[in-house]
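Subject: Two-chain model, handover and notes

Hello,

Here is the structure we spoke about, with the sequence alongside. My notes follow below it.

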Amino acid sequence: MSDEVESDEVDAAASDVDRGPVRTTPEELQGASGPAVIATAGLTKQFKDFTAVEELDLEIGRGEIFGFLGPNGAGKSTTIRMLLDQLRPSSGSARVLDLEVGPDSLEIHRRIGYIPGDLALYPKLTGTQTLQYFARLRGNVDWSYVLELAERLEADLGKKVGDYSTGNRQKIGLIQAFMHRPELLILDEPNAGLDPLMQQTFHEMLREVRAAGRTVFLSSHTLSEVERVADRVGIIRRGKLVVVERVDELKRKAIRRLDFEFDQPVPADMFEGVAGVRDAEIDGVHARIAYEGSVNDVLQAALVHEVTNLHSRDADLEEIFLAFYRSDDPPAPVPPARTATASAPRAGRRVR
Amino acid sequence: MFAEVLRHESRQRAVPTGVLGGTLAAFAFLGLAVSGSLGSALDSLTASMPEALTAFIGGDSPGGYVVGEIFTLVAPIALVAYGIIAGAGLFAGEEREGTMAVLSAQPVTRRSLLLAKACSLLLSLVVIAGLFWGGMTVAALVFDSELTAGALAAGSTHLVMLALAFAAVALAVGAATGRPELASGTAGGLAVISYLTSAMLPLAGLEQWARLSPWHYALGSDPLRNGIDPSHLGVFAAITVVALVAGLVAVNRRDLKG
């Protein structure tokens with residue numbers, strides 16, 4: 001039964017995808033106005049037989065924090081490097097700060113801050129020398145602000161970069177990206193090596209950037225990093241943009257989980273036919289339920305029996321993320337709510 | 001921005017530049033110090049050799065065999081090797097090390113970067129040759145050699161231009177491909193083949209063909225005796241300009257690595 005249902009659902013999902021990825025435009029976000037800060041049209045990068053980024057259409061408004069998510073190798077860094085004119089698109093075009101990438105890249109570089117995913121700096125220079133070099137290249141850096149950033153991030157600028165830990169090197173990279181108060185920050189996996197406390201500080205800095213009307217393009221392969229700060233999220237998979245959605249909307253659509261413990265073993269089919277239940281694993285007195293939408297129907301079905309313990313997990317974008325990136329899911333991208341059941345079979349009894 | 005890249009590059013290369021220049025200067029000084037005692041024995045040895053062979057080993061240079069060895073072998077090979085290694089790593093090396101990712105996101109064009117780096121390379125070659133010239137000049141005064149400061153400056157200038165030409169080829173291949181190993185391999189291979197061509201063909205009576213080699217223009221006009229030969233320096237300048245233009249065109253057309 002379930003095979004048939006799953007197959008139907010995949011087909012239905014595929015037909016949804018034919019209508020294009022789910023979109024939320026920058027205008028739907030409060031405060032986003034004016035021309036897009038980043039706008040790509042059919043942006044494609046082909047490396048011989050491998051398509052790293054395919055027909056990417058993306059629009060990011062001023063004053064938002066946009067999370068750009070995908071697993072390693074999905075095309076995040078390739079997209080970013082095309083925006084920076086480090087890679088030349090095979091086809092399509094991109095505009096940054098309403099300037100054309102390529103002809104206007106010098107001006108674009110003047111107005112953006114960037115930290116690459118795999119940051120490398122000059123090992124023989126100290127942190128101060130490194131930042132002085134980049135500050136002089138830019139020419140519009142307030143050194144007292146550099147020192148303020150260093151103090152905030154607790155960065156030791158006196159040592160040679162070659163002697164730094166990954167986290168300290170990353171701090172230098174972040175200061176380098178923030179120090180000229182750019183209109184747009186393009187941050188590729190910026191959390192690498194930062195301890196949780198520093199990540200909090202970093203997130204505060206991002207929120208301040210947004211509050212000042214500036215924009216952040218934040219790439220990550222970890223949803224939990226992004227959901228705390230991003231307004232919208234775009235998910236890229238195998239070079240294709242799968243979904244662009246507000247974070248709160250994605251959370252609303254997310255598959256959530258409830259773990260029940262009953263006072264005595266319960267029937268294996270007790271959640272069958274309950275609205276919203278996508279998956280149920282029942283093992284004696286324990287039941288692990290995955291559901292979407294309202295929790296009421298699930299609770300009503302459960303409370304027929306004596307519940308001794310209940311554990312709920314917050315809506316987590318990780319669920320959506322995993323649904324998109326399971327290695328065994330079909331090649332066509334599918335909307336999150338359907339994917340969770342269509343492509344992610346779990347152990348245990350499945351209830352429809 | 002150009003000046004800042006130039007400054008940064010010069011600082012990055014200060015140690016190897018100083019060490020190589022100092023070593024060549026010390027070598028030149030010691031060479032001239034021992035050439036007095038070795039001089040008569042070596043002169044009688046080289047006098048019995050065929051002219052081409054004497055030229056090949058540098059025995060016909062003013063100042064004798066030792067000065068010849070320094071000017072035809074040690075200094076040019078050191079300068080060319082340095083130029084090729086540094087040139088290959090200048091642009092492509094930043095891509096291999098990953099530093100190009102941050103650098104190329106700064107408000108500086110690829111072409112400005114390449115030109116600034118090329119200037120820094122010329123500067124370091126001049127510094128090395130300058131130290132070498134200083135060592136030779138002081139040694140010539142101390143040991144009462146027939147070599148003059150002007151003659152040594154002419155010879156050193158020819159060597160700088162020789163090294164610059166090969167360095168520019170390495171820089172251009174690196175800029176065009178992003179692969180420092182390929183750049184040093186290409187320029188190094190060309191240097192070795194052209195050196196052997198320049199040194200061997202005259203022995204076989206094929207002096208005209210030796211003109212195809214850049215090495216011919218380094219010392220073929222005998223700058224230690226005749227001073228600077230502008231036409232020979234022009235050959236090096238032409239090679240350098242052609243290589244740089246090719247590099248400037250190619251670097252703007254490709255994807256950056258790193």
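What share of the contacts in chain B with a separation of 6 or more comes from residues 24 or more positions apart? The share is 77%, where two residues are in contact if their C-beta atoms, placed from the backbone, lie within 7 Å. For chain A, 71% of the contacts between residues at least 6 apart in sequence join residues at least 24 apart.

This is a predicted model, in which local features need pLDDT of at least 70 and side-chain atom pairs count only at pLDDT 80 or more, while totals for chains, interfaces and linings use all residues. Residues are numbered from 1 along each chain as its sequence is written, and chains are lettered from A and ligands numbered from 1 in the order in which they are written.

Confidence

The model scores ipTM 0.86 and pTM 0.80. Mean pLDDT (the predictor's confidence in each residue, from 0 to 100) is 83 for chain A, where 80% of residues reach 70 or more. For chain B the mean is 89, and 89% of residues reach 70 or more. Two stretches of chain A stay under 50: residues 1-20, with 22 contacts beyond four places in sequence, and residues 327-352, with 69 such contacts. Where pLDDT is low, the predicted coordinates should not be read in detail.

Chain A

Chain A has 12 helices and 14 strands; helices (H or I, at least four residues) and strands (E, at least two) are DSSP runs, numbered from the N terminus. Of its 352 residues, 45% are buried. A residue is buried if 20 or more other C-beta atoms lie within 10 Å of its own, exposed if 12 or fewer, and partly exposed in between, with C-beta atoms placed from the backbone.

Strands E1 (residues 38-47) and E2 (residues 50-60) of chain A run antiparallel and are joined by 7 bridges; two strands pair if DSSP finds at least two bridges between them. Lys45(A) stands opposite Val53(A) of E2(A). There are 2 residues between the strands of this hairpin, and Lys48(A) has a positive phi near 50 degrees.

The other hairpin is made by E12(A) and E13(A), again with 2 residues between them, and Gly284(A) in its turn has a positive phi of about 65 degrees. These strands are antiparallel, with 6 bridges joining E12(A) to E13 (residues 286-291) of chain A, and Ile282(A) stands opposite Ala287(A). Strand E12 (residues 277-283) of chain A is largely enclosed by the rest of the structure, because 5 of its 7 residues are buried.

Most residues other than glycine have a negative phi. Glu189(A) has a positive phi near 50 degrees and lies in the loop between strand E7 (184-188) and helix H7 (196-211) of chain A. Glu189(A) counts as buried because it has 21 C-beta neighbours inside 10 Å. Arg238(A), in the loop between strands E9 (232-237) and E10 (240-246) of chain A, has a positive phi near 45 degrees. With 17 C-beta neighbours inside 10 Å, Arg238(A) counts as partly exposed.

Chain B

Chain B has 13 helices and 0 strands, and 48% of its 258 residues are buried. Helix H7 (residues 110-142) of chain B has 33 residues and reaches 48 Å from its first C-alpha to its last, close to the expected 48 Å, which is 1.5 Å times one less than its number of residues. Asp144(B), which follows H7(B), has a positive phi near 55 degrees.

Beyond four places in sequence, the contacts of Phe217(A) include Ile38(A), Ile60(A), Phe66(A) and Leu185(A).

Interface

The contact takes 19 residues from chain A and 16 from chain B. On the chain B side, helices H1 (2-12) and H6 (100-103) of chain B each give two or more residues. Ala105(B) is in the loop between H6 and H7 of chain B, and touches Leu84(A), His109(A) and Tyr114(A), leaving out residues up to four places away in sequence. Ala105(B) counts as buried, with 26 C-beta neighbours inside 10 Å.

Regards
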